[in-house]
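Please go through the structure below one region at a time.

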Amino acid sequence: MASQIDQKTYDDAVGWLREHGFDVLEAPGTAGRVFLKKYNVSAAIQKADPNGVKIFAYPGYLVGSEISKLVNKGYQQFLKTSKTEVPATADHLKALHSFSEELKEALGLPSLYNESLGTVSESYQYDRIVDRDKPEAERKKRPWQVGGGKTLVAKKSPA
C-alpha cells in the first residue's frame, strides 16, 4: 500500500541535507540554488514556485571536477563527462545509489521500486537499438543486410 509523502520546502530540504553530512555550496550569482556533494557524488537543487524544491542537476559521480552522466551500454555502465568516459565500478554505483536515495528523502520525493533495486542510468545505448528511431533509409546497414537481399551460403571446406 502506498504511503503519503510530504513535500518539503526549500529551506527544510537544505537544513536536512546539512544535518546529514552533505556539503552545501551556494551557486554564485543565483539565489535559491545550491550544489550538493557527498560520497564524491554531486547534484544541484533549486527553489521552485512558492515554497517547493526541485532538482536542477541530477546526481552524478564526480570525475575530476565535472559531474558525470551514467550511461548504460548493455554490457557495462560508464561515467561520461564532456572530456572522458570511464567504466563505472561497483563503488561508483553504490555511492550514486546512496546519494540519490538520501536526496529523495531530503526533498520528500517518492522512492520508486525499480530505482530502489539498483542504480538507474540516464542513457541506455545498446548495440542493437542504435539508430532504431531513425527512418529505415537513414539507418546503418547491419551485417546481415549487406548482401543486397541475396542469401549468403558458406562453402564447405574439404574434410
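Asparagine 40 sits in the loop between β2 and β3. This is a predicted model, and in it the phi of asparagine 40 is near 65°, a positive value in a residue other than glycine. The relative accessibility of asparagine 40 is 30%, so the residue counts as partly exposed. Tyrosine 39 belongs to the loop between β2 and β3 as well. Tyrosine 39 also has a positive phi, about 60°, although it is not a glycine. With a relative accessible area of 38%, tyrosine 39 is partly exposed, because that value falls between the 20% limit for buried and the 50% limit for exposed.

Another loop, the one between β1 (23-26) and β2 (33-38), holds threonine 30. Threonine 30 has 31% relative accessibility and therefore counts as partly exposed. Between threonine 30 and glutamine 46 there are 9.5 Å in space, C-alpha to C-alpha, for a separation of 16 residues in sequence.

How is β5 joined to strand β4 (residues 53-63)? The two strands run antiparallel and are joined by 2 bridges. Across from glutamate 66 in β5 stands valine 63.

Two packed helices are described by the angle between their axes and the distance between the axes. For helix α1 (residues 10-19) and helix α2 (residues 90-107), the angle is about 140° and the axes are 8 Å apart. That angle makes α1 oblique to α2, because only angles over 145 degrees count as roughly antiparallel. The crossing in which α1 passes α2 is right-handed. On the α1 side, the contact is made by Ala13, Trp16 and Leu17, and on the α2 side by Glu102, Leu103, Glu105, Ala106 and Leu107. What classes of residue does the contact of α1 with α2 have? There are 6 nonpolar and 2 charged residues, and no polar ones.

Helix α2 also contains histidine 92. Is histidine 92 buried or exposed? Its relative accessible area is 16%, so histidine 92 is buried, because buried means under 20%. Leaving aside residues up to four places away in sequence, histidine 92 touches Tyr61, Leu79 and Pro87.

The elements described so far are part of a longer chain. The secondary structure of the protein comes to 3 helices and 9 strands. Along the sequence these follow the pattern α-β-β-β-β-β-β-β-β-α-α-β. The protein has 159 residues, and buried residues make up 30% of them. Of the contacts between residues at least 6 apart in sequence, 42% join residues at least 24 apart.

Notes:
Residues are numbered from 1 along each chain as its sequence is written. This is a predicted model: local features need pLDDT of at least 70, side-chain atom pairs count only at pLDDT 80 or more; totals for chains, interfaces and linings use all residues. Side-chain values use heavy atoms; hydrogens and water are left out. Helices (H or I, at least four residues) and strands (E, at least two) are DSSP runs, numbered from the N terminus. Buried means under 20% relative accessible area, exposed over 50%, partly exposed in between (1.4 Å probe, protein chains only). Axes are lines fitted to C-alpha atoms, for helices over the stretch in contact, and angles run from 0 to 180 degrees between N-to-C directions. Angles under 35 degrees count as roughly parallel, over 145 as roughly antiparallel, 65 to 115 as roughly perpendicular and the rest as oblique. A crossing is left-handed if the near helix is turned anticlockwise from the far one by less than a right angle, and right-handed if clockwise. Contact means heavy atoms within 4.5 Å. Ala, Val, Leu, Ile, Met, Phe, Trp, Tyr, Cys and Pro count as nonpolar, Asp, Glu, Lys and Arg as charged, and the others, Gly among them, as polar. Two strands pair if DSSP finds at least two bridges between them.
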